[in-house]
Amino acid sequence: LPLLLKATLLRLASGSYRPFYNGFYYNHIMNDNDDGQDKVDYFNGPKLVVETSKDPVYSYNGANVTLPCHYRYEPDMGPKRKIRIKWSKLRDDYTKEQEVMVAIGKTYVAFGDFKGRAHIRQASWHEASLVISDVRLKDDGKYRCEVIDGLEDESDVVDLRLQGIVFPYQPPRGQYRLNFHEAERVCQDQGAILANFNQLFQAWSEGLDWCNAGWLADGTVQYPIRLPRKPCGGVHLAPGIRSYGPRHRHLHRFDAFCFSSALKGEVFYLDRPAGMTLEEAKQSCQDAGAEIARVGQLYSAWKFLGLDRCSAGWLADGSVRYPIATPRANCGPAEPGVRSFGFPSKGRFGVFCYKER
């Protein structure tokens, strides 16, 4: 003890003191030969390591998903210790976190929209995986798994991505009529949410080319261009995502880019020999035990279920559209897609209905 005390005093006096670092620390101790040369003895405390999946975890609307997270000690601590686990959802810029849940042992509390949908899976020692049931569109994003053991606090991030489709949306009033909050509402009305940048980029990489600027979930206004042309930023700019940057959420008006995922039900087509008005179309869907389909549901059925119908039908927003998976004569352009007749004030058409499974 006197030697350790003397060594500590010498170390403080000489300014050679080193703080604790990551659970590993060391001391300078005078050697037994008293020759004036110190030796360094290393004392290894347990180091906490937290690991999640390095690859994104993919899921879809309405599914159950597990975000893997495991922790360990170096060296191994043996039996499981009582630690605190915290899961948070991050913004794309990492500046703000939304608390998902906190757990200590078998006791846990979920927060906000995750109440009743999230819990910790602890199927084995040192597991802290997060299970989310009935996945929702806005669950897409990055999640932080944080493990706290006394003074030790380590974390890692896992990316949850929903399989879905981005579609541009204009209201019946025409182009560039939506402020940010109105854009949020129209996407929700169509069974979707405002797309984020990663979702728009993925859609662009799959072929989306749209020259009208639209709101994204972070309040920026952007648009995807595959074929550069004069009205869309100029012919000399490379293909990519054009950006207006952040815009005023109340004053500025643009279109919207909405994101919808796979469906929990099915979309089907109904028709009459003489067609139907919009109100008759809604009633026909109700008579079939369904509801008139929303735009996001039609896009999802086209992308994920291969819905192909060369007959125009009403949708819930008053638009008339039809999905083509296999292009052919008299069914529009040579590329697959959802064709639109706009918002006709008159006319009689079939109807696309949606029914939960």
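The structure is a predicted model, in which local features need pLDDT of at least 70 and side-chain atom pairs count only at pLDDT 80 or more, while totals for chains, interfaces and linings use all residues. Residues are numbered from 1 along each chain as its sequence is written, and side-chain values use heavy atoms, with hydrogens and water left out.

In soluble globular proteins, nonpolar side chains tend to be buried together. Beyond its neighbours within four places in sequence, Leu 67 is in contact (heavy atoms within 4.5 Å) with Val 57, Trp 87, Ser 129, Leu 130, Ile 132, Tyr 143, Val 158 and Leu 160.

Attention now turns to strand 12. Because 9 of the 9 residues of strand 12 are buried, this strand is largely enclosed by the rest of the structure. Two strands count as paired if DSSP finds at least two bridges between them. Strand 12 pairs with strand 7 (residues 84–90) in the antiparallel sense over 7 bridges, and Leu 90 has Lys 142 as its bridge partner in strand 12. Strand 12 also runs antiparallel to strand 13 (residues 152–162), with 9 bridges joining the two; Cys 145 finds its bridge partner in Asp 156 of strand 13. Strands 12 and 13 form a hairpin with 2 residues between them, and Gly 150 in the turn has a positive phi of about 65 degrees. Asp 149 lies in strand 12 (residues 141–149) and counts as buried at 12% relative accessibility. The Asp 149 side chain makes a polar contact with that of Tyr 73 (2.5 Å).

Finally, there is an open sheet of 3 strands in the order 5-11-10, with antiparallel pairing. Strand 5 (65–67) and strand 10 (118–121) are the edge strands, each pairing on one side only. Strand 5 is joined to strand 11 (residues 129–132) by 3 bridges, and Thr 66 stands opposite Val 131 in strand 11.

How values were computed. Helices (H or I, at least four residues) and strands (E, at least two) are DSSP runs, numbered from the N terminus. Buried means under 20% relative accessible area, exposed over 50%, partly exposed in between (1.4 Å probe, protein chains only). A polar contact is a pair of N or O atoms within 3.5 Å; within protein, one must be able to donate a hydrogen and the other to accept it, and residues adjacent in sequence count only if both atoms are side-chain atoms.
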